Amino acid sequence: MTTNNLVADPGSVKEIAHAVQGRWIDPVGLLETSLQRIDAVEKKVQGWCLLDRDRALEQAETLRREAAAGRLGGPLHGIPVAVKDVLDVAGLATRAGSATRATIAPSTIDAHVVARLRIAGAIILGKAHTTEFAYFDGPPPTRNPHNLAHTPGGSSAGPAALVAAGMVPLSLGTQTAGSVSRPAAYCGVAAFKPSTRAWSSFGLVPFAPSFDTVGVFGHRVSDAVAAAQVLIPRFLHHRPAPTSGLTIGFIDDPITAIASPAVAATLRNAADALAGSGIRVERLTSPVPFADVVGWHKTMIEYEVARAHPGLERNFEVSVGLRDAIARGRSIDDLAYRDACLALDAAADRFWAATARVDALIFPAAPDVAPAGMKTGDPRFVVPFTAFGGPIVSIPVGFGAGGLPLGLMLIGAPGSDAALAAIAGDVAKIIELPR
């Protein structure tokens with residue numbers, strides 16, 4: 001059953017910021033709106049694992065006084081934010097979706113990205129559910145607001161679902177394989193995943209540190225970009241966006257043979273709409289089979305998780321899938337790991353050299369809509385771009401079977417974060433679903 005009453009727009013970040021600046025709304029009122037929405041829908045969506053109402057209200061009161069005095073902390077002043085429960089928030093336990101951390105003490109400090117959001121004026125409302133240690137197994141209770149019988153994706157299940165259900169305008173997730181881009185597509189929201197590891201991982205429970213990357217969800221592309229602009233480090237602002245004559249590439253690879261007809265249609269429609277708006281569209285063939293990239297990526301993440309969490313494969317509180325992945329990782333020797341690293345580096349160099357003439361790329365985020373059940377979905381369309389290391393903006397573009405959302409990824413070369421944020425604004429005006 002489609003549950004459209006569980007899907008809502010939590011409000012435009014830019015419009016909220018403007019209203020706070022003009023004193024037409026205050027941070028306490030904003031937070032109370034979020035809390036009312038949470039009370040209305042959270043029992044069904046189940047996106048929160050820790051809701052910090054009292055301290056959030058204290059934050060809101062402080063921010064209200066500051067706004068009344070004309071002191072705005074930053075562009076996110078008073079905006080409630082949810083944080084995936086693999087990132088530390090001072091005063092809250094970081095359980096990473098695992099029974100093995102059920103009794104862990106509350107964190108004493110914020111993760112770096114959380115601290116940056118506070119500096120920008122955001123209210124940290126609580127922790128959102130994740131799969132166990134941000135692996136694709138061990139799913140949390142979170143449901144897709146578009147249809148409670150379907151997965152919201154993983155591992156950032158909670159952060160994506162909370163934004164889709166209108167409980168918060170923004171949330172933080174993480175991506176090691178496809179865990180920001182895929183949940184965004186499944187839940188019909190936008191997201192910004194920066195260049196791999198571009199945002200500090202201080203305060204993040206590791207899974208595979210070579211790829212673990214914090215990203216942000218928003219209802220619309222402009223929301224995700226507004227938050228990303230707070231978090232993009234200064235050294236990534238050096239590459240300017242093209243001022244005219246955008247060229248967007250659509251990548252061909254054998255892996256797209258598994259795409260559903262609805263996904264294929266979204267690609268055609270996006271290409272036609274962009275071309276019709278005067279943007280140059282090119283079709284490009286990947287010089288590296290994406291299936292090979294997925295294999296190298298798997299070798300690397302399993303080698304790394306086995307060393308990040310030694311002994312968990314013998315802990316029967318841990319999901320079978322994660323125990324098996326750690327066991328496989330322990331059997332991968334140093335030479336095989338180095339070979340995978342070298343192969344992936346060479347593949348990334350070839351890929352970005354072959355696509356250098358375009359300003360950004362478009363590729364589907366998943367082969368189809370969110371599957372029924374709680375399995376987190378197929379990451380194979382996202383993994384190559386995570387592995388290649390560039391920023392990704394997720395754009396909600398349509399609906400497929402059962403009225404479930406479909407999304408496309410807008411992808412830039414590594415280090416092009418600020419430029420891609422600007423390009424995303426132009427592209428979203430043409431292909432994003434009305435928000």
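Arg23 counts as exposed, because its relative accessibility is 54%, and this residue of the predicted model sits in the loop between helix H1 (13-21) and H2. Its phi is near 65 degrees, a positive value in a residue other than glycine. Most residues other than glycine have a negative phi, and most peptide bonds are trans. Gln46, which is not a glycine either, has a positive phi of about 55 degrees, and its place is in the loop between H2 and strand E1 (48-51). A further backbone feature is the peptide bond from Gly154 to Ser155, which is cis, with omega near 0 degrees; Ser155 belongs to the loop between strand E3 (123-128) and helix H5 (157-164).

| Residue | Relative accessibility | Class |
|---|---|---|
| Arg23 | 54% | exposed |
| Gln46 | 30% | partly exposed |
| Leu246 | 11% | buried |
| Ser98 | 5% | buried |

How do two of the helices meet? The axes of helix H2 (residues 27-45) and helix H3 (residues 53-68) come within 7 Å and cross at roughly 155 degrees. Since angles over 145 degrees count as roughly antiparallel, H2 is therefore roughly antiparallel to H3. On the side of H2 the contact is made by Pro27, Val28, Leu31, Leu35, Ile38 and Asp39, while H3 contributes Arg53, Ala56, Leu57, Ala60, Glu61, Leu63 and Arg64.

Ser98, in the loop between strand E2 (80-84) and helix H4 (112-119), touches Glu132 and Phe133 when residues up to four places away in sequence are not counted, and a polar contact of 2.9 Å joins the side chains of Ser98 and Glu132. Leu246, in the loop between helix H7 (221-231) and strand E7 (247-252), is 34 residues from Arg280 in sequence, yet the two are 6.2 Å apart in space, C-alpha to C-alpha. Leaving aside neighbours within four places in sequence, Leu246 is in contact with Ile279, Arg280, Asp359, Ile423 and Asp426.

Conventions. Residues numbered from 1 in each chain as written. Predicted model: local features only at pLDDT ≥ 70, side-chain atom pairs only at ≥ 80, totals over all residues. Heavy atoms only, no water. Axes fitted to C-alpha atoms, helices over the stretch in contact; angles between N-to-C directions. Helix = DSSP H or I, 4+ residues; strand = E, 2+ residues; numbered from the N terminus. Parallel < 35°, antiparallel > 145°, perpendicular 65-115°, else oblique. Contact = heavy atoms within 4.5 Å. Buried < 20%, exposed > 50% of the residue type's maximum accessible area, 1.4 Å probe, protein only. Polar contact = N/O pair within 3.5 Å; in protein donor to acceptor, adjacent residues only side chain to side chain.
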